Every structure is written in structure tokens, then in C-alpha cells.
Amino acid sequence: MKKFTSVHDTPDIHALIERAIRYKANPLGDRQLGQGKRMGLLFMNPSMRTRLSTQVAAQNLGLEAVVFNVTQEGWAMEFADGAVMNGTTVEHVKDAAPVLGQYVDLLGVRTFPGLKDRTEDYSEFILNQFIRYSGVPIVSLESATLHPLQSLADLVTITELRQKKKPKVVLTWAPHIKPLPHCVANSFAQWINAWGEAELVITHPGGYELDKQFTKNASIQNEQLVALQDADFVYVKNWSSYHRYGEMPPVEGNWMLTSEKLRTAPEAKVMHCLPVRRNVELSDAVLDSPHSIVTRQAGNRVWAAQAVLAEIMKTNF
Ligand code: CP
């Protein structure tokens, strides 16, 4: 694996899931793999899980992790080609990325979409410049449109807990107070489709259709209660509109997931990537019940990241 930015960089999803599960059983078994190597973790947005789980994963592999919170600690970065930098930006990615490539052996990058220009966001404009200019393998720590480390952890969690070979997995839209990116939903659909071991149903209000390149043949159901029936896993997530890009079209009814809505899915395990807005996206009663597996899911971020970093090191070093 030369880089890790989407499911398409993964030669064998099943092997990667198995590797993550092996690391969970034996975290320090490959401690020699990263000896003498250094990983940079560059964040342009806040993070708890991605930052810490990737650091822990790197340390488990003997890699030294160096964290750089660009927006708080760095120079304001410019990404536009040909920009006349007489405004607020101070350093162009063309100059910064190769320098970072001198300091570290692989680089993790987190960036968010602007949610203003769909073409620009969906071209992965920022992430691709790090790939182009850094000269080292790049690991996406969440990009404008995808969150592959999260999705791998999600598949590890489903693999651990499924009671049947092909569980029913429902991705349900949830309310939020502000427009959010599509990354987690896009990525989850992309990975579930590529994995092929679940029946994927996506439920959302009209106006919140996702990009079909990620949802592919998933069943789309606009009635949340119909979608939830007999679900084995329910993944709760908000996203803003794709077609009215970055907007929040009005929604009828209350889409927050509650215990009452899970009556027809008594065995359902409830997932969320976190952070979650309690009693907006998901009720306290669900989050604090045995339905919720969000802590396990977040815990599995370590093993997913460790499997990816190991694969990258084996390929590139
Ligand atoms: N799920 C997730 O990526 O969490 P953080 O934003 O805290 O990293």
C-alpha cells in the first residue's frame, strides 16, 4: 500500500481487518517494524480520536509520532496555484509539504471540506497537494470527502460483533445544528460496498442524497422507521446536502435516533464515529443503553490505524 486515502488504496480489505484484529490481541508484536522511523501527524482541524489513536498505533509499531496542529501552531497555509500571497496566508503548501517530507518518513494529514465549492472539495484539492509535494507516503486522517481510518475501524467493529455472515447495516441521517461534511457517510458506504459482507440500507430525508459513486447499490429508504426494522447495526450520522452543496434543506419530523425507534430492531447495535451531540443526533437513552457500541468502535480506531501503518511501512520501507 503506497498511500492510504480511500478503500481503493487497500489491496485486501479482509486481510487488513484481520490484521487489525490481530493487533488488538497482540498490540506490541510488530514493535520493531517502525524502529528508527518517524511519522508526522498534521491537523488542520480539531481531533481527539484520530489524533490519539494514530499516535498510539504508531508507538505500538515503534514509530515516533510528531504532531503538528497547523491552524493553531503553524503559518496560515495557501493552497491555490499561482496565488499572489499578499493577504492572510503566509506559506504555500508547495513549500511546506516538501519540508515536512524531509522531517518524517510518512505523513498523516487531516483536512476538512470548505462545503462551498463541491468540485474543489470532491477533487480532494488539499490532500492531493500533500501527496504531490511531500515526497513521502500519505495517510488520510480524514479528508474533504472520506474518512478511511474511521471506516476500517467500523468494519473491524462489525466483524467482531456480527451474529450472521451478512448483517443488515442501516446508515441513518441524524439532525445537527450546523452543516457537516459527507466524509464519514461517504466513506462508510464505500467500505461496506467494497467489503461485500453486509446488506446496506441508507435512510435520510429528501434533499440529503449522498453521491452515488459511494452509495452504489445500497437500498435508499426515506422512511426511517421502515429502514430500521430488523437492523443488526445502526450507524447514526449527520451530513449536509450534496446536491444543494453544504446547505441544510428543511426536514420534516424528528430524525434523532431514540429507543422507541429501535423497538423493531431489538438486537441493533448502535454506532457513531463521535463526537456526538447528545439529544440532538442520538438520545441519552440510546447512548447509555446496551445498544450502544460507540466506545468499542472508537477503541478500534487504534487497531485500524496500526494495521494501516504496518501495511504502509511494509510496502514502502
Ligand atoms: N471520529 C473522529 O474522527 O473523531 P475525531 O474528530 O475526534 O478525530
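How many residues of the shell around the ligand are nonpolar, polar and charged? I opened this predicted model with that in mind, and my count came to 3 nonpolar, 4 polar and 3 charged.

**Entry 1: the shell.** I listed the residues that surround the ligand: Ser47, Met48, Arg49, Thr50, Arg110, His147, Gln150, Cys273, Leu274 and Arg301.

Entry 2: Thr50 places a polar side-chain atom 2.7 Å from an oxygen atom of the ligand. For Arg110, the distance from a polar side-chain atom to a ligand oxygen is 3.0 Å. In the side chain of His147, an N or O atom lies 2.8 Å from an oxygen atom of the ligand. I then checked the area: the ligand taken alone exposes 250 Å², and the protein buries 93% of that.

**Entry 3: domains.** Why does the ligand lie between domain 1 and domain 2? I traced the shell back to its domains: domain 1 (7-146 + 301-316) and domain 2 (149-298) both give residues to it, so the ligand lies between them.

**Entry 4: backbone.** Leu274, one of the shell residues, is joined to Pro275 by a cis peptide bond, with omega near 0°. I found Pro275 in the loop between β11 (269-271) and α11 (284-287). I located Leu115 in the loop between β5 (106-110) and α5 (118-122).

Technical notes
Residues are numbered from 1 along each chain as its sequence is written. This is a predicted model: local features need pLDDT of at least 70, side-chain atom pairs count only at pLDDT 80 or more; totals for chains, interfaces and linings use all residues. Side-chain values use heavy atoms; hydrogens and water are left out. A residue is near a molecule or strand if one of its heavy atoms lies within 4 Å of it. A polar contact is a pair of N or O atoms within 3.5 Å; within protein, one must be able to donate a hydrogen and the other to accept it, and residues adjacent in sequence count only if both atoms are side-chain atoms. Accessible areas come from the Shrake-Rupley method with a 1.4 Å probe; for residues, only the protein chains shown count as cover. Ala, Val, Leu, Ile, Met, Phe, Trp, Tyr, Cys and Pro count as nonpolar, Asp, Glu, Lys and Arg as charged, and the others, Gly among them, as polar. Domain bounds come from an automatic or database domain assignment. Helices (H or I, at least four residues) and strands (E, at least two) are DSSP runs, numbered from the N terminus.
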